[in-house]
Amino acid sequence: MLGWQIFVHSVRMVFGNIKQVLQITVGPALIATIIIVGVFMALGIPLEALDENAVDLPPGVTAGSAFVFVVVLLAVMFVTMFWIAVSWHRFILMEEYPTGILPTFRFDRILAYFGRFLMLGILMVIAYIPMGLVAVALGEGFAGLSIILMIAYSVFLVVCFYRLSIILPAAAIGNPISLGEAWNNTSGVSGAILLLLLVAFLFQVLVQLAFAALAIIPVLGVLLTVFFGTLILPMINVSIFTTMYGVFIEKRELS
């Protein structure tokens with residue numbers, strides 16, 4: 001039941017530290033919003049560009065300005081996400097409490113976090129190539145088998161990603177570990193991680209169903225959806241990495 005214990009502990013950390021969650025997330029999110037809106041206005045991109053059904057660029061908007069906006073948008077989103085994640089890891093693992101309206105911006109740790117995250121992403125892409133080749137080799141005649149194999153292999157890679165993901169909080173607190181160390185320290189727990197992923201998935205499904213039910217309440221439904229969808233659920237996912245690092249690297253006991 002280790003997977004269940006990790007999930008419960010991760011959820012408890014978030015709901016038991018709501019004040020710190022708000023201190024760590026709200027400020028960076030507001031700054032990111034202001035920057036994005038500012039760039040949006042500076043480039044003269046009209047609001048119609050946000051229409052998800054729009055195919056062509058709005059009149060007066062060049063491909064260059066649209067490209068700049070997309071680049072800035074992605075950069076701001078990644079910096080904000082990693083700023084929040086690094087701050088949360090450091091708060092839980094090092095008891096580095098946030099002060100004021102903004103958590104400490106540690107550029108070196110954010111950059112290290114980004115580097116590890118990028119490395120994991122590239123590793124997963126490379127690892128998926130053999131499955132893609134198998135699917136091509138099987139062809140349309142074995143489409144059903146290809147789908148089953150791809151789903152199974154995808155689940156396997158997600159478990160591998162989570163086993164290796166403890167390099168992220170390690171980078172956040174300035175105590176880097178190698179992929180080999182992460183893999184060795186999580187040996188024999190693939191089943192627990194699979195259970196963890198299943199529980200986390202079901203939890204998010206239940207939350208989304210609750211959001212759908214609350215949608216009939218005009219103001220409260222929107223506020224709760226924003227609060228849980230943009231703050232609580234992402235922080236629970238970050239907390240899972242934090243808890244895994246504490247358990248598998250620092251050998252902490254789960255209460």
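Modeller: Here we go through a pocket, a cavity and a helix pair. Keep in mind that this is a predicted model.

Biologist: How much space lies in the largest pocket?

Modeller: About 630 Å³.

Biologist: Which residues are closest to its centre?

Modeller: M77, T80, M81, I84 and P234. They belong to a lining of 24 residues.

Biologist: Which helix gives the largest share of that lining?

Modeller: α3, with eight residues. Helices α2 (18-42), α3 (63-94), α4 (107-138) and α9 (218-248) each supply at least two.

Biologist: And how does the pocket lining divide by class?

Modeller: Into 19 nonpolar and five polar residues, with no charged ones.

Biologist: OK, cavities now. How many are there of 30 Å³ or more?

Modeller: One. The largest cavity holds about 30 Å³ of space.

Biologist: What lines the largest cavity?

Modeller: F7, A200, F203, Q204, L233, I236 and N237. Helices α8 and α9 each give two or more residues to that lining. By class, five of the lining residues are nonpolar, two are polar and none is charged.

Biologist: New topic. At what angle do α5 and α8 pack?

Modeller: About 105 degrees, with the axes 10 Å apart. Angles of 65 to 115 degrees count as roughly perpendicular, so α5 and α8 are roughly perpendicular to each other.

Biologist: Which residues make the contact?

Modeller: From α5, V155, V158, V159, Y162 and R163. From α8, S190, I193, L194 and L197.

Biologist: What classes are they?

Modeller: The contact of α5 with α8 has seven nonpolar residues, one polar and one charged.

Conventions:
Residues are numbered from 1 along each chain as its sequence is written. This is a predicted model: local features need pLDDT of at least 70, side-chain atom pairs count only at pLDDT 80 or more; totals for chains, interfaces and linings use all residues. Side-chain values use heavy atoms; hydrogens and water are left out. Axes are lines fitted to C-alpha atoms, for helices over the stretch in contact, and angles run from 0 to 180 degrees between N-to-C directions. Helices (H or I, at least four residues) and strands (E, at least two) are DSSP runs, numbered from the N terminus. Angles under 35 degrees count as roughly parallel, over 145 as roughly antiparallel, 65 to 115 as roughly perpendicular and the rest as oblique. Contact means heavy atoms within 4.5 Å. Ala, Val, Leu, Ile, Met, Phe, Trp, Tyr, Cys and Pro count as nonpolar, Asp, Glu, Lys and Arg as charged, and the others, Gly among them, as polar. On a 1 Å grid over the protein atoms alone, a cavity is a set of points where a 1.4 Å probe fits but cannot get out, and a pocket is an open set with protein on both sides within 12 Å along at least five of seven lines; lining residues have an atom within 4 Å of a point. Grid points are joined across faces, edges and corners, and a volume is the space filled by probe spheres set on the points.
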